Amino acid sequence: MMSQMPQQAAVSKCPSCEEPLESGDRFCGACGYDLSAVPPRPDDHPAVAAGGAVPAPAPAPDGVDWPAARDSDGQGRPVPVHAAAELPGTDSGGSPLPPPPAAPPVPPSAGVRFDRPGEPEEYPLQAPDPRLDTAAAPRSDSPAAPAPGAKVCVEVCVACRAGRVDDDGYCENCGHAQPRERDHMEQESGPVAAVSDRGLRHHRNEDAFSVGCTTLPDGAPASVAIVCDGVSSATRPDDASLAASRAAGESLLTALPRGTHPQQAMHDAILAASHAVNALADEPATAREQGPHQNAPACTLVGAVVTAGLLVVGWVGDSRVYWVPADRATPPARLTEDDSWAAQMVAAGLMSEAEAYADDRAHAITGWLGADAYELEPHTASFKPDRPGVVVVCTDGLWNYAESAEEMADAMPLDAAVRPLHGARVLVGHALDGGGHDNVTVALVPFPAVPQGAGSA
């Protein structure tokens with residue numbers, strides 16, 4: 001009914017087109033909207049419950065056809081309340097405003113910028129890496145352990161103390177070659193000791209050794225030393241020497257307790273070493289295709305077995321065994337003959353020893369372990385020294401600087417029989433002082449064999 005219509009004076013604009021109205025207008029002059037159907041003006045600020053819900057409007061009186069409010073869902077329910085910034089706006093000309101720029105993501109931690117393209121986690125090192133600052137690095141003896149999943153710093157260069165070491169063992173900052181595990185090795189097994197060093201000129205150590213002690217069936221002690229020198233002109237010479245030394249050492253330490261004669265055991269050990277080196281040449285066809293110019297791995301071998309009254313030596317190649325008596329008034333001796341070009345010239349009477357070993361071909365070997373060896377001829381010999389002494393088992397990296405037995409005896413400390421590890425270190429130092437042109441490996445075995453449990457002081 002008309003008595004229920006709101007006062008027209010309260011309406012200043014057309015609800016449909018918002019054209020200004022005059023007092024008393026019953027229809028909009030612009031769009032013809034029936035102004036008699038305009039509902040009362042709602043409150044500017046509808047009440048909102050504490051929980052954020054807007055209370056439902058009161059039911060309309062029966063018989064009144066209320067138009068849908070502009071801020072409702074068409075069913076009399078108000079639209080959700082929005083913050084002012086969430087509503088689309090217009091500019092001064094009435095055009096929609098462009099959407100606001102997306103806010104930058106919140107950084108997970110301070111000091112990190114995200115306004116640049118993503119960058120790789122690591123770069124090739126061009127300057128000292130601040131993460132490798134030795135002053136900030138934890139001490140190796142610190143009890144604190146890295147947290148699970150924490151990134152562990154890479155190895156630091158031993159030369160510049162700043163650069164990282166690449167997979168090839170060189171510093172990415174200064175290019176210095178880093179020590180490898182085999183660059184310097186020492187081992188003491190009861191009374192037997194051995195030392196191996198890369199030397200001063202080679203980029204890696206291609207020598208290897210194996211030392212140990214065991215007991216013969218009668219309870220007598222036996223000492224074992226094997227020294228192998230990788231042939232540098234062959235492929236993987238370091239693998240060859242390691243495989244040969246391990247195979248020969250294990251063969252001897254297995255055969256001697258069973259009662260095998262030491263000389264026969266040495267012969268069998270050389271064959272076992274040969275098989276181990278030959279196995280390295282059994283590569284897949286794809287590997288041979290990728291390296292068609294590679295040859296078979298190869299090395300030389302020399303060894304000694306010392307018991308209470310017997311000294312057995314065995315060799316293939318140009319590594320040697322020397323005998324140095326404890327009584328230096330007694331002359332020392334060399335117990336092996338080289339498988340080399342120089343030795344052949346001397347044996348044939350074509351050159352003197354001094355002339356042969358001064359020749360550039362002197363160290364060309366005529367016997368070695370490897371799949372491409374002409375014919376394997378293990379050499380073995382037995383001796384029964386009548387006095388105590390020390391057996392020196394070494395590569396040419398040592399005897400190049402102490403070639404004669406007398407020179408070797410002069411270079412070895414007088415107490416080498418009771419301090420074999422110290423004696424081996426001194427001999428390696430002698431070679432390094434002389435120039436260290438090759439890898440240097442030496443094992444010292446006191447004679448007679450010392451019962452297990454006794455060693456260097």
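Which residue in strand 2 is the bridge partner of serine 189?

The model described here is predicted. In strand 2, valine 192 is the bridge partner of serine 189. Strand 1 covers residues 184-189 and strand 2 covers residues 192-197; the two run antiparallel and are joined by six bridges.

Together, strand 1 and strand 2 make a hairpin, with two residues between them. Glycine 190 is in the turn and has a positive phi of about 60 degrees.

## Aromatic pairs

A pair of aromatic rings is described by the distance of the centres and the angle of the planes. Searching the whole structure gives three aromatic pairs. One of them consists of tryptophan 323 and phenylalanine 447, in an edge-to-face arrangement with 5.8 Å centre to centre and 85 degrees between the planes. Tryptophan 323 belongs to strand 7 (residues 320-325) and phenylalanine 447 to strand 12 (residues 440-447), so this pair ties together parts that are 124 residues apart in sequence. Tryptophan 323 is buried, its relative accessible area being 10%. Phenylalanine 447 also counts as buried, at 6% relative accessibility.

Tyrosine 357 and tryptophan 399 form an aromatic pair that is edge-to-face as well, with 6.1 Å centre to centre and 90 degrees between the planes. Here the parts tied together are 42 residues apart in sequence, because tyrosine 357 lies in helix 5 (residues 353-358) and tryptophan 399 in helix 6 (residues 396-399). Tyrosine 357 has a relative accessible area of 15%, below the 20% limit, and is therefore buried. For tryptophan 399, which is buried too, the relative accessible area is 1%.

## Around tryptophan 399

What lies over the face of tryptophan 399? Arginine 320 does, at 3.4 Å from the ring centre. The ring of tryptophan 399 thus has an entry in two descriptions: the edge-to-face pair with tyrosine 357 and the placement of arginine 320 over its face.

Alanine 431 is 32 residues from tryptophan 399 in sequence, while in space the two are 8.1 Å apart, C-alpha to C-alpha.

## Alanine 431 in helix 8

Alanine 431 is part of helix 8, which spans residues 420-434. Is alanine 431 buried or exposed? With 0% relative accessibility, alanine 431 counts as buried.

Which residues does alanine 431 touch, leaving aside those up to four places away in sequence? They are Gly397, Leu398, Tyr401, Gly436 and Val440. Among them, Gly397 and Leu398 fall within the residues 396-399 of helix 6, and Val440 falls within the residues 440-447 of strand 12.

Notes:
Residues numbered from 1 in each chain as written. Predicted model: local features only at pLDDT ≥ 70, side-chain atom pairs only at ≥ 80, totals over all residues. Heavy atoms only, no water. Phe/Tyr/Trp six-rings, centres within 6.5 Å; stacked < 30°, edge-to-face > 60°. Helix = DSSP H or I, 4+ residues; strand = E, 2+ residues; numbered from the N terminus. Buried < 20%, exposed > 50% of the residue type's maximum accessible area, 1.4 Å probe, protein only. Lys NZ or Arg CZ within 6 Å of the ring centre and 35° of its normal. Contact = heavy atoms within 4.5 Å. Pairing = 2+ DSSP bridges.
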